[in-house]
Every structure is written in structure tokens, then in C-alpha cells.
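Q: Could you walk me through how aromatic pairs and charged surface patches are read from a model?

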Amino acid sequence: MQTPYYLIDKSRLLPNMEKIAWLREQSGAKSLLALKCFATWSVFDMMSEYMDGTTSSSLFEMKLGREKFPGETHAYSVAWAPHEIDEVLAGSDKVIFNTAQQLLRFEEVSRDHTRGLRVNPGVSTSSFDLADPARPFSRLGEHSAEGIEPVVDLVSGFMFHNNCENDSFERFDEMLGQIEARFGHLIRRMTWISLGGGIHFTGEGYPLDRLAERLKRFAGQNEVQVYLEPGEAAITNSTTLEVTVLDTLYNGKNLAIVDSSIEAHMLDLLIYRESAKMQQSGDREWMICGKSCLAGDIFGEFRFPKDLAPGDRLSMQDAAGYTMVKKNWFNGVQMPSIAVRELDGTERLVRGFTYDDFAAALS
């Protein structure tokens, strides 16, 4: 198969799905795929066997979830536009408003719909201010019980999305306790609570049994249906970005240029100044570089058992989350195809991209 392409391996996706299903069974919490992280619907048939539906951040994500993923469709946006709201209500099971003001603005038109409100408890685990929902002056959700009280009877649920890359159960438990202390009297007036995503509970060694017990206890004490919104947790380590070395040179370091680009194909590496992941080791050091004209288009520095040469194939690991949903046509660099490796090991091309797609994205 011609590189570059994203390769989704169902045998590596399956363990995440099995952990989600186990947690759902043991805790009673429902799990919704966060489409902002991963929206490649060619594997939704498999994922829907283990998950309860989708949650969105926009009208288009909501429509994709409704059309492609069986189960519940939750619709959230930082701000709904007046021209969107009718379609949002028609296509979703629950609509979640970011502020009390948005809720009141659309109160009449949404009166017969299941409604929720985002609540920002002001506590988080993120080491990146850019991605921290609870950063200072955050616009993401209502911050005070006093601000929620006047509209509490207009909603039946809250969404608390304050975790971010949180792989510590102890920290999650601590933050949930803080949420209960501040908002417990309001939570007990709800019928459902979403605790959002950012909880890395499918990671190696995470105490799933303790998480299940905590979620079940929270649901029982507050008499609510709990939802989780896994994004990265659902698809972590399931996908690679397959690339080919096009050229090599030496300029103080060994440099290899591949037929891909972080700005176009793994944008978060650039945004967060991180390196890609590779399963390579050896004593030959090489910097892997993208083919765009951006000087800092660098995948990272890695060690290999032998020097690289044009034609060598490389696999960038953990390339599912926030990659395909952010890919772009910068420099007109060839968009990676999307391929799936089935459980029996066979691989199939799901989608390729051509010049016509590049031209159609412009005007």
C-alpha cells in the first residue's frame, strides 16, 4: 500500500474496547465516544458493540454520530448558533449547553428536549495550559453553584469535563470528591451526570476495579446515570502512521525526510512541542523530518539498528487521537490514506485522497 497512510489495527483497538465494556458492566456507567478526538467511522461498527454512543463538539460531529454510530447521540458545543439549533435538537438525544445564558436563549425551542449544562469545577490535571479546561478565565462551562441555581430546573443533567490526560485514579478520586463537595446539592437534583473524558483508564496498570467502584458509588449516592466520554482512552495505541523515507542528508545530525508532515498529519506534535513515538532502538541516531517547507516540521529523534536510506518504511505509533480529525492540506502534501487491519490480519484500504480532494477543499 502506498504511503503515507494511517493504519487502524483492530487487534490493538480491541483491548481498549474490552476494558470499556468491562467498566460499563461493573460500574453501570455508559461510555460515549468523543468524536473530537477520533471520528474515523470505518471502525464504528466494531466500536459500537462496546460503547453506548457518541458525544460531539459541533453540529457536524453530532450529525456524524447520529448517522454512523448506533446508540445515544449527545450534542454539546461551546456555543450553539441560532441557525443550528433546530437541526441539533432534531438529531440528538441530549443537548448540552455551555452556559446558562445559552440555555436561556434556546429555552423555549428546546423545552421538549433532554437538556444538560456544562459545569466547570476549576480543577484539572493537565500540564498543558492550552488544553486545560479549568485554566484561568476558562470559557468552558459555568463555574459557580450560584450561577447554576437559577436555571437548575431547566436541565436534567450536568457535564463535568475537567480531566485531561489523567492517568492517576487517586487524582480522579480526589477531584470527584471536590466536585461532590461544591455541587453535590445540585447533582442530587439531576437524573444524569457526564464526567467527560480525559481519564486514561485503558492505560497499562490503571486500577479499573477501583474506578468501577467509585463510579458506581457516585451514581448510587446521587441517584444518577453516569456517563463517561472517552476519546484517547478508546483508541490509544491502536493506530500507526505509515511513512517512507524519501531522502537523507547530514547537517550536524543524520536527517531523514519522509513522505508525511507533522503540521499536516500529526498536528498536535507541533502544537504541544512533542515527539512522535516509534518502536525502534539501536545505536544509529536519526532525526525524522517531514516534507513540508515548515522548518520545524520534525517528528523527533530516534535510534535505529542501522542507518536509514531512501525507501525505508517507518511506523509512527499511537497516531489515532487528534490526528485524523486535524489533518489538513498544508503545502498540498499528499493526505494519508486510511487503512484498517482486520482481526484476521488482512488489511484493506478504506479511503484514499487525491488532487481532486485538495482542490475541493479550497475555492
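A: Buried means under 20% relative accessible area, exposed over 50%, and partly exposed in between, with a 1.4 Å probe and protein chains only. By that scale Y227 is buried at 3%, and W192 is likewise buried at 3%. The model is predicted, so to speak of local features a pLDDT of at least 70 is needed, side-chain atom pairs count only at pLDDT 80 or more, and totals for chains, interfaces and linings use all residues. Residues are numbered from 1 along each chain as its sequence is written, and side-chain values use heavy atoms, without hydrogens and water.

Q: How is an aromatic pair described, and how many are found in the whole structure?
A: A pair of aromatic rings is described by the distance of the centres and the angle of the planes. Rings of Phe, Tyr and Trp (its six-membered ring) pair if their centres lie within 6.5 Å, with planes under 30 degrees apart counted as stacked, over 60 as edge-to-face and the rest as tilted. The whole structure holds 8 aromatic pairs. Because the ring centres of F158 and F160 are 6.2 Å apart and their planes stand at 80°, this pair is edge-to-face. F158 is buried, with a relative accessible area of 1%, and F160 is buried at 0%. F158 and F160 form one aromatic cluster with F183.

Q: Which residues gather in the patch of negative charge on the surface?
A: Asp and Glu count as negative, and a patch joins like charges within 9 Å, taking residues with over 30% relative accessible area and no salt bridge. Here E165, D167, E232 and E274 gather in such a patch. D167 counts as exposed at 56% relative accessibility.

Terms used: Patch = residues over 30% accessible without salt bridge, like charges linked within 9 Å, V, L, I, M, F, W, Y side chains within 5 Å. Areas by Shrake-Rupley, 256 points an atom, 1.4 Å probe, with all protein chains shown as cover. Salt bridge = Lys/Arg side-chain N within 4 Å of Asp/Glu carboxyl O. Charge placed at Lys NZ, Arg CZ, Asp CG, Glu CD.
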